[in-house]
Structures are given as structure tokens and as C-alpha cells.
Number of protein chains: 4
Amino acid sequence: MSDFLRTRPWTTPAMHAVFADAAVIGHALAFEAALARAEAAEGVISTVVAAQIVEACRTMSADPAALAEEAALAGTLAIPLVARLRDALSGDAVTAAHRGATSQDVADTVLMMQARTASALVLTDLDRVSIALAELAECHAARPAIGRTLLQDALPVSFGLRIAHWMTGVDEAAQRVRHEAARCQVQLGGAAGTRAGLADRGAAIAARVAADLGLVAAEPWQARRGHVAALASAIAIAIGMLGKMARDISLLAQNAVGEAREPAIAGRGGSSAMAHKRNPTGCQVALSAAIRAPGLVSTILSGLPQEEERGLGGWQAEGPALADLFLLAAGSADAMAIVAEGLEIDTVAIQRNLAAAKIGTDIGESAAIVAALLARHEG
Amino acid sequence: MSDFLRTRPWTTPAMHAVFADAAVIGHALAFEAALARAEAAEGVISTVVAAQIVEACRTMSADPAALAEEAALAGTLAIPLVARLRDALSGDAVTAAHRGATSQDVADTVLMMQARTASALVLTDLDRVSIALAELAECHAARPAIGRTLLQDALPVSFGLRIAHWMTGVDEAAQRVRHEAARCQVQLGGAAGTRAGLADRGAAIAARVAADLGLVAAEPWQARRGHVAALASAIAIAIGMLGKMARDISLLAQNAVGEAREPAIAGRGGSSAMAHKRNPTGCQVALSAAIRAPGLVSTILSGLPQEEERGLGGWQAEGPALADLFLLAAGSADAMAIVAEGLEIDTVAIQRNLAAAKIGTDIGESAAIVAALLARHEG
Amino acid sequence: MSDFLRTRPWTTPAMHAVFADAAVIGHALAFEAALARAEAAEGVISTVVAAQIVEACRTMSADPAALAEEAALAGTLAIPLVARLRDALSGDAVTAAHRGATSQDVADTVLMMQARTASALVLTDLDRVSIALAELAECHAARPAIGRTLLQDALPVSFGLRIAHWMTGVDEAAQRVRHEAARCQVQLGGAAGTRAGLADRGAAIAARVAADLGLVAAEPWQARRGHVAALASAIAIAIGMLGKMARDISLLAQNAVGEAREPAIAGRGGSSAMAHKRNPTGCQVALSAAIRAPGLVSTILSGLPQEEERGLGGWQAEGPALADLFLLAAGSADAMAIVAEGLEIDTVAIQRNLAAAKIGTDIGESAAIVAALLARHEG
Amino acid sequence: MSDFLRTRPWTTPAMHAVFADAAVIGHALAFEAALARAEAAEGVISTVVAAQIVEACRTMSADPAALAEEAALAGTLAIPLVARLRDALSGDAVTAAHRGATSQDVADTVLMMQARTASALVLTDLDRVSIALAELAECHAARPAIGRTLLQDALPVSFGLRIAHWMTGVDEAAQRVRHEAARCQVQLGGAAGTRAGLADRGAAIAARVAADLGLVAAEPWQARRGHVAALASAIAIAIGMLGKMARDISLLAQNAVGEAREPAIAGRGGSSAMAHKRNPTGCQVALSAAIRAPGLVSTILSGLPQEEERGLGGWQAEGPALADLFLLAAGSADAMAIVAEGLEIDTVAIQRNLAAAKIGTDIGESAAIVAALLARHEG
């Protein structure tokens, strides 16, 4: 039962893969393997047993559909997955697997591994956008154009100033994503977050698991999830800044304005009824994402007041919302990277619109502001 | 690239099927076939040509993944789908297919067909919930229990009164869903919503298409989408009322309270770390849905100010959000139906907690209120 | 400590008055008076005592600032207000006042009285908008103009068709507001919603209070609040439809388009830096409202899963959000009524833009669709 | 027309003052005075003229109600305020006042001055919360208590561990607020953001104005507002973490649990119907805020895609939403500071509930985790 038509229009295949079943299962087994290795290194389980667990994690496969059915029934993925893992083991390894861990340890660590990978993908595309815009901003830094406020002609600006603002908006947003993504933490607390059952080696084991999986070591954080909300907000702000750029380009691309438009690409932005149209398809993706992201952030914020040692509802609401934010960000950043890299700028139209406004050509300190913004971009 | 683990925990396979690729393609081809039939009936295309189109719609198949790639590039599903349909045709049928229609006609009509089917599914499960609750409310209509306000013991209520409120909340919500679902309208306006190209038979053709597909006939409504937002709100209110019921049951199921708990079902509500636990897994699904639904409604409301004859961003944001609302509603309603049908009520605990409050047993007019609410339920 | 600058730009003085302190206190005392009258009529308190309470409610005054301080401390307005009322009474009237009622009865009934008045105000302005638009739609029903989809020139439409869609959007939204506003219910349940303390005359007393205050009689609904959410959604949809109209007019008013603009009014839409500008100030109010309303609806929806007999947090979040929705709706509807009533339409620009699109003048069935929408408007 | 009853229950008088009319007018005039001083220092206007403007800003007064009426009509506060300022001046000072500035410069700089003050207020109360919690966490670091996951008894934790998580949640949130508040920037761009009319001394003048007003110097940022959204998110996360603490305390305070409750304070948390009740009034404020904040953040995020050089709708939606977030944060932080400072912990109940769970007393590494969290708190 495929879902391509419901999700593909607004995300990328690469980001979709980050949140697809194969990644979830792979990360979950990577967690169990890392846990076994760490517990062996700290003397909590034997190295022989750990090796058996690691090997089982490496070789076992699970049918996502069947696993999902059981997970839905159990209320958590870890129960059926660990059961399968134990089925693949024998002797001491059966009880040693997943030792000291709980379902939430698996789920949260998987989510953080996805968040780290997803953030990197988004940052790469935000960089593509920003680099392309920097070039355009520099090129048009002193080109007079009519500035518009409240959708009305106002005073002249430089065309590059508008672009430089898009660039800085994206740069600042990327900086926030980078900052929050660097805090993707391992979760290892056990059933109630006390690390009982880890023979007083919990902190050391958590640190080893974190290092193994490329995450940050941390105390358990089961029902204390401000950093997830902060990452979600950072992603949504990036989507918003891409949306601002898309809003402007879609306005500039209006037939009556014509100052810029999306690149012409075969098969892109057509109409099933009007062969002559070139629709701003990239802007459409970005604006749609900018309308959807805020509600997803509000979901994650709404879920923060989680009950005691593990929330009922708030916690479970978070994962799908965070995934959707990344899916949207990827679609938007990729679409706007294509737009930025191929943006067609019509300098004749720019000049014509400015002349029509009969307001002169004084662009004030536009060029200096562009230079200052570019300096920050490079810095 | 499957997504079972990301979506299955919070929805049902039946609702997932409503929004899966096969349904989208099937509905889109049903629209094209209905359009051809209607245009033939109104003399706009020949009946022979219409029959060829209908037959092609019936027999053609399309790979969802490939279609989704092209749709993502084109910005709309109809472009690659109609291209495939035309490839399957010859002669006059090639241009007659999709005549007078535009991409949005296909997309919106498909969405309305999904909304109608999805609403029916949700209503069926809301009825299951309500019927089970009515029985419980009647049974416990006069049983004194401690009432709690602001999470503190207050005065006695009847246990059935609390249940009757859940029932009425669900009933009233279902009534709103039913009301809005009955307005699922056909979309047929053509490129700019004027029904140009339909030889002045547009209204009649639209009426025929609507009747064929089981939708309501209507003037084109491309950028006027209040009814979609109203349906979304109705669904979210239903999710909220199920959430209220889940909140209460999860509070009643606390070990220190123990007045009610979810039915025991093999494989359900366990813990990967604590074999003795019985988690309120149904409530978890419902509460999680109640946290996620509001943001999705806000997305659809945010998208309402759509530009001129077809919105850029707002329109495209709506479909996925509406689908998610239905997916959540299905998961929540099904989970709470199971809970309602098997709810374990511990009358000894109810009595013990009431006695501990030392506040007497005067339940006022509880029984009469329950009777009034039950009368409305049956009415 | 006044708040004019924080609230006035986006609402009307009339709506502000509906939610101001004087109205709250007035409605709360009206509730207490109506309750006393009803209890006397049902023989629960003496008519002499009731008359004393009614008279005290009529004559007493309370300093809003001091009352608010005490209410903030107590967690509810009714505690300090009823204390003041009792201070103004003597003998049996002291205990007879507020008999059988609880703080939530006061708060919810006040909210419903405000909602009813506020809805009527909004409906009046929505009617103003709709009536003005109907006239314009009829006038321009057959005037060819370029239709735009995805912000690109598409095919011709009639200028009146676009306006007719605004009108129908507003009409349909008003219909929903009217429907939900007609359900504004009295709240009378007592401490735990059982109507204990009303001598088994609770239902009759509630019916009398409702009739006295112009509300609908109902069973208590303390933690079952779907109808509040439904009213909030209806208001937000109206705001969204006004936002759609504002979006279009602001686009049409762009200097490069120039097909329509807001009426020129002294002191309106100026610029502190550019004397030549005429800003779309009405559209600004409406678009701003359309951006703020969705989050308020999501707040009310988020609050639905309220705990047992009275929610902790969810209930208290609802009142301010509902008030803000009405404040926004009033500001938006009033602003767009002014815009609709004085909208300047430039037929020369319309013709010029259409000619520039080189796409002919076939407006299809535009006029017939306008006629159908107008018929519904009048029906 | 006062609004105490609509706003006081959920905010503090101190924060209300930050967003009241007097502060807005005071900050706006401080901006105009600082601008005059800076322009004189950079030789753009004469020092004599600047002194006249500064003096007029110091001495002039304006009726907020009248100003608000005119601002609502004009669409911006600066127009009527600057008109009044100019009325108070003569000679060259008339045109020199507000030179090179635009309405948005005033509005945004005022907003940033408010945001800075408001952030400081919130941080002070977050510190009160955190300091009180640190003491409690240390005191109960090794006290066994039953841990609860999904609202079900799970395994033992230390009571201090739960408190330490509240503390760290608040600390981390405060850190984000501090980080974003430190970026409160001056806005000085002029009509279209180019600093035209400042004789090429714009950057220097902006730096002087910033230093004068205690803000950060920056390039103009009219339609690039990611940092406002980031501040809003940080505030909302703090509200969410206070909400998590409130959720837990309200659960612990349930009669059947009884492990902790809010301090007894005269006049606080009573019931108009039940004299025996002690309601969790502080938690009520915090939970209500946690339900309202997410929608406000979504509003600000929704407004990010602002049009060209000044947004229509998105910009105007931001100020009231940001103000509400601060108002909510102040109410919540103050309420929970009172709760934290006086929290009553019942160690007998804690022991009793743990014993009832029959699950032993192994709290694992709870004490070590508390110590680690406390070390971060002090660090």
C-alpha cells in the first residue's frame, strides 16, 4: 500500500529514506548492538554474548508491515523488535540483549539518529540556496529596483538587497539548525529513567553508546524534551525563511511584474489545461511547506507537558511531527535551491517597473548593506 | 520504501487505504471516466469516444512511484496521469479526454471522494464508541463516585454521568462530521473556474459527474474552501472528544485510583522492560491524536486566504493535512471503540475512593441528567 | 494601565466592549440575579430573598482592578464577586445567593452571553460585506478580466466571478457562525455538575435562567466543550474567507496590476515616510487576522481533552482564545465592509491586463456561475 | 474600558506594564530622541535641532485612546505620534524629527525594547523556579518513590530525580531565552530599508541608536524576522517546561496520590462551592499557558513569509502574538516560582505509594543523575 502520491510532491526521496521503515529498523538494531558492545566494555555482559547480539543485529531482518502491526498493538516498536532479536539468539544472549534498556530508549535514540542525518541533509540544501543567493546578491548589489512595502510601490532599493535578505534569512536559520542538531542526544535510562539494571555503569555505558552512534552523551531525558522542540522550531524557521524567498519570487514572477522567474525545466511547472503557462512550482512547494510547518511546531510544543517519567500522548505525538518537519524542509530547501541556482532575472523589467514608479533611483545605502550581509555570509 | 512504522501506530489499515496511491489513481480515473460520460450525455463529445475513454480508465494502470516523480516535477498529478491516459487512447479520444477540466478539478474531486469515504469510516467507529458508552452510562447512571474538578476530589457524581458526557461529546461531534461530510462537492471549473470549453453545458455536466461519483453538485470552488476547513474542524473536534474520554480513562486507570482500565488484550499495552504493566495503549493513541489534530486544523485555516483563481501554497497544504486528520481520527476512534467496548470498571475502587473523600453520596440529579443525555443519544 | 495600542489596531471598540470588564461583571451579576429569580420561581428560595439578591445585583458595583487581583489569586472570578455580593446582602439572602452554583457556572454562562452578543456583531458586519459584494458581483458579472492561477495569468474570467466567490465564501461562513451561535447554552451544574443543592429542580431552574438570559437550556457541559470549539472554528473560517478577499484585493491593488483598490479615506493607509502612498490598510487588518486566527483555534482544540468534571488548564485557556477570535473577526469584518462598500474598480486596467495576456476574452459560463451564486446569496 | 478580568488571571502586573500603552509611547519617543541625538552626532542634523527634538520627546504627552484611534485608521502608530511630535516643534526641527525613519523602524524598535525587558522579567522568575527546585532535588536525591510511565506505576525512582528534571528543563529553556534575548536588535532602515535620507551615515546612526537604547546594532531586518520567531519559540519552550512541572505536580497532588501539593496561601485556590478544597491554582496558570503558547508560536511562524520590503499581514500579526507569549510566560513563571518555593512534599505518602507498588526500592543511579543535573545547574 504505497504512499508516493501523498508524500512525494512535498519532500525528497533522500529525506523520505531517512524516515522510512528500513532506517528505523536499521537504527534500532544499531542501538541494540551499540548497547551490547558498551555493556561488554563496561563488564556488564560478557564479550562473547555481546558479539552474538551484535552479529544478530547485523544479520536479522524483519518484515516492516508485520512489525508495524505488532508495534501498533503493543504501543511501541521495541517490544516486537526485541522479541525477534531474542528469537534469533540463544543462551545468555537472550536475556543480555536490550539489558537495562526500555522501549523509549530505542525510540528516542532512533529519532535522534534520524534527526542528525536529516539535519545534515537540510543544511546541505540550505547551503546550496545561500551560495546561489550570495552570488546573485553581489551581482545585483547596486541595481536600482522599485522597493515595495505592503504590496505597494515604495522607494527604490537595490535588487541585490532583496536577495541578500533572503540569503541572510537562510544563513541565520541554518545556523540555528546547526546549533540544535549538534545536541542530538542518546537516550539511555531504562524503564523509569534511573539506569537501574546497568550495574552502576549506566553513565559510562550511555557515553559509549553515544560515541558509537555519533550522538551526544547525556543524562536520560525521557519526559524533558525542550531540545526536540528547539530543533523543530529551528527547522520551521528555516522553512519560513525559504517561504519568504518563495513569496517574493512568486510576486516578482507575476506577469504584470516580470522581474524574476523560476528556471525553465522540462516537465516542470506546466498546466494540464494551459500549455503556455510556466508555474512557480518551486515556490509552490516552499510556500506550502511554510503553511504546514507552524502547525507541526505547535504540536510538538503542545506535547511538552509530559506526565512524570514518560508521557502519555505528548511523547507519541512528537516523532511523526518532527519527521514531517524534516520532510517539508527537505522538499522546500531542494526546490528553492533549484530556483536560486537558476533564477532568471529580467533587468529590463526591473528598470521599467522602477521608471513607472516615478520615484527616482536613490537606493541609499543598499550596496553597503548588501556588502555587510555578504560579509556575515562568508564569516 | 515503506512507511508502516511511521504511520501504523496511529491509524488503521482501512483508513490508510483511503489515502494510499491506489485510491488516488482509482478516484482520478473515475473522475475522468465520469467526465467523459457526462460530456457525452450532454452532447459535448461523442458517445463512442466517451466509451473509449471510460474503457481506458477502467483498464489502464500506472506505477505510483513513477507517477509521483513526474507529479512532483510538474507540480500536479493530473499532468502525468492524463498524459498516460491519452497515450492509451487514439483518434478523437486523445483530445476529448479531460476536456474542459484542469488539474485542480481532478485533485479536488479526488480529495472529496476520499473525504466522503473517510468520513463514513470515522462515523462508523464513533458510533461503536457511542453505543458502548450508552450502555455503560445507563448501567452506572446512579452509582455514586467521587467527582473531581481541577484534579481534586470535589463532590459525588454518578459514575455513569461521566460516561454519559463522553457519549454526548462523541455524539455531538459525529453529528458535525455527518453534516459536513454530506457537503462533499464535485469540483469542475476548468483552467480558471469558468467552465470554458464545455459548450455552455458546464453546470449540467458537473451535476452528472457529481451524481456519478456520489458527490454533491456545486459551482466551482477552487479558491473558496471554507467547507474543507469546516470538515477538518469537525474531525478535529471528534478527535478532541475522544481525547477527553481517553484523558479521563487514563486518570481513572492510575494505580492509586483504579476505577477503570482498558480491556486486557494479548500483546497489547505491554512494556519491553516491565512484564507486570498494563499500559493504556488505546488512550495513548487517542491522546496523541488529540495533540496532533489542532495543528493540522490550523494549517488548513492558515491556507484559506488563497490567491485569486487558484492558490499558491495554501491549496497544496490542505490535502496532506486533511488526510492526516482522517488518519488520526480513524486510529483514535478505533482505539477508543475497543476501549469502550471492553472497559473494565472496578466498582469496589469507586466506592473506596468515594468513601475516602468523606463527602457523602449525594449525587444530585446525576441520574436525571444521564437520562436526558441518553434520550438525546437515541433521538 | 491602558492597552489601546496593543488591541485597537485589529479590533473594533464595539467588540472590545463585549469582552471588557464592565460586560463581564454585568453578565456575572445578571447570572446571579437570574439564578435567584429562577430558584424563587421553582420554590427553592423565597421570593423576598430573591428580590433582595436581584436588587443587590442591580445596584452593586465592583472595582475591576481589585476584583481581578483577587480573582487571579483565587483562580476564579466568582469567588471574590460572590463574596462582594454576599457582603451587600443580609439574613437568608447571604446563603441563598449563588445557591447551587459554582464558579464555572458563572464563567461559562458569562462566556456564552459574550459569544452570543459577539456573534451578532460579527454577523452584522459579514452581512455588510456580503451585500456590498453582491452588488459588485452583479455589476461586473460579464466583464472579462484575466484570471490568475498560482499567481500566473491563466484564462479569462469575469471580474464579477471573482467577487461572487468572495461573497459566497463570506455567506457560507456567516451561515456556520449563525448555526453555532444559536447554540450558546447556559451552564448550570453546581460544584461537580450534578445540580446537587437545587432540590431536584435543577433542570427547571436551568431552563428559566437560560430563558431569562437569552441562552439555550442545556444539561451541564463543564468538561464537554465541543460546541465552543465549533463556534471558534466557524469564526476562524469567516476570518479566513475575509482574508481570501483581502489577499485578492491587495494583489489587484499592486501598482503593476491596478485593477482595484481600497477606498480613499482621510487619514487612512498613509505612510510616515512616503506621502504619495495609499496602503491597503483594510486588507492589512484582515490578512493579519487570518494569520492569527488559526493558532487560536488550535488552542481551543488542544484544550478539549479536559480532566473529569472540570479541566485544569484546558478550560482556562479557552476563554481568552475565544475572545481574541471575536476581537479579530470584528476588526476584520469591519475593515473589509469598508473596503467592499467603497472598492474602487479600474475597468481600464482590467481591460489592459486582459489584452496583455493575449488569451482572448472567452469567459465561459462566468456569468451563469455568478447568477447561481447570487441566487444562493438571496435565497 | 478596562480589561483586567480578561488578562490578569494569566499574567503579572509587571509584565502587563511592559506591553501597556505608556511603555509603547515611552519607547517610541525614546527612539525618536535617540535618533535625533545620533543624527546630530553624525552631523546629519544640527545639535540645536536635536536638542529640541529630545526635549519635546521628554515632555510631550499623548492620550493613548485618541492615539490608538488614529493609529488604527492610519495603519501604524508612528503616523499620529510623529504628527504630534512635529506639532510640538517649530522651525527646522519639524522636518528633522523622524528623519530617515519609517513607521516600521519605530514599531520594531519598540517591540525589541519590550522584548528585552520582558525577557529579563521572565528570566528572573525562571531563576526563582530553578533555584527552588535545585534545593528540593538535592534534598530528595536519594528518596525512593514510585516512578510512573504512561500514567502507570513503573519502577522506583528517586523523588529528587523527577524534580531535577523539572529544574534542568527550566534551566535549558532559560538558556535559550537568554541567548535569543541577547539579539534584540534596533530597526533603522527608512521607508524601504535602504537608509536613504541618512546622508550615507545610516550604519553609524543605527549603531548609535542601538547603543542609546540598549539594543544590538544591525542591518535593517524589516521582512526578515527569523530571530523574532526564534525568541518566540524559546519563550514557548520555557512555558512548556513549566507546564511539564505543573502537570506532574497536579498529578502528585491528586487526593489518591498526595505526594506533593501547592503551598497553602490565604485566598488562593479555593472554590466558590466547596470550602474544603485546595485547588492547584499555580499549576492551572502554568498548564493553561502551556496550552495557549503553541498556537501563538505557530502564528509567528505563519507570518514569516512576508512580502518584499514590508509584509502585509504577517508583520502586523507578530507583535500581539509575541506580547501574549511574554504575558503568558510571566504568569506561568511567577505562579510556578511560588509553587516551587513553597512546595509541600509528603514523604509518608511517597513511601506508602512506593510500598503499594510492591516493586522494591532500587532507584538505580538516580542520585548520580541528580548530581549530574545539579552540576550543570550550577555550572
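Below are questions and answers on a predicted model of protein chains.

Residues are numbered from 1 along each chain as its sequence is written, and chains are lettered from A in the order in which they are written. Local features need pLDDT of at least 70, side-chain atom pairs count only at pLDDT 80 or more, totals for chains, interfaces and linings use all residues, and side-chain values use heavy atoms, with hydrogens and water left out.

User: How many helices does chain A have?
Analyst: Helices (H or I, at least four residues) and strands (E, at least two) are DSSP runs, numbered from the N terminus. In chain A there are four strands. The helices of chain A come to 15.

User: What percentage of the residues in chain A is buried?
Analyst: Buried means under 20% relative accessible area, with a 1.4 Å probe and protein chains only. Chain A has 379 residues, and the buried share of them is 69%.

User: Where in chain A is A:Gln187 found?
Analyst: A:Gln187 has 0% relative accessibility, so this residue counts as buried. Its place is the loop between helix H9 (159-181) and helix H10 (202-213) of chain A.

User: Which residue has a side chain joined to that of A:Gln187 by a polar contact of 2.9 Å?
Analyst: A polar contact is a pair of N or O atoms within 3.5 Å; within protein, one must be able to donate a hydrogen and the other to accept it, and residues adjacent in sequence count only if both atoms are side-chain atoms. A polar atom of the A:Gln187 side chain also lies 3.0 Å from the backbone nitrogen of A:Trp221. The side-chain partner at 2.9 Å is A:Asp108.

User: How many residues does chain A give to the contact with chain D?
Analyst: Contact means heavy atoms within 4.5 Å. Chain D gives 76 residues to this contact. The number from chain A is 77.

User: What area is buried between chain D and chain A?
Analyst: Buried area is the accessible area (1.4 Å probe) that two parts lose on being put together, summed over both. Carbon and sulfur atoms give 60% of the area buried between chain D and chain A. D:Arg224, D:Glu308 and D:Glu365 supply 13% of what chain D buries against chain A, more than any other three residues. The area buried between the two chains is about 6000 Å².

User: How many salt bridges does the rule find across the interface of chain D and chain A?
Analyst: A salt bridge is a side-chain nitrogen of Lys or Arg within 4 Å of a carboxyl oxygen of Asp or Glu. One of them joins D:Arg162 and A:Glu309, with the closest N and O atoms 2.7 Å apart. The interface also has 33 residue pairs in polar contact. The salt bridges between chain D and chain A number twelve.

User: Which residue of chain B forms a salt bridge with C:Arg148?
Analyst: Between chain B and chain C the count is twelve salt bridges. In the one formed by C:Arg148, the closest N and O atoms are 3.2 Å apart. The partner in chain B is B:Glu308.

Key:
Buried < 20%, exposed > 50% of the residue type's maximum accessible area, 1.4 Å probe, protein only.
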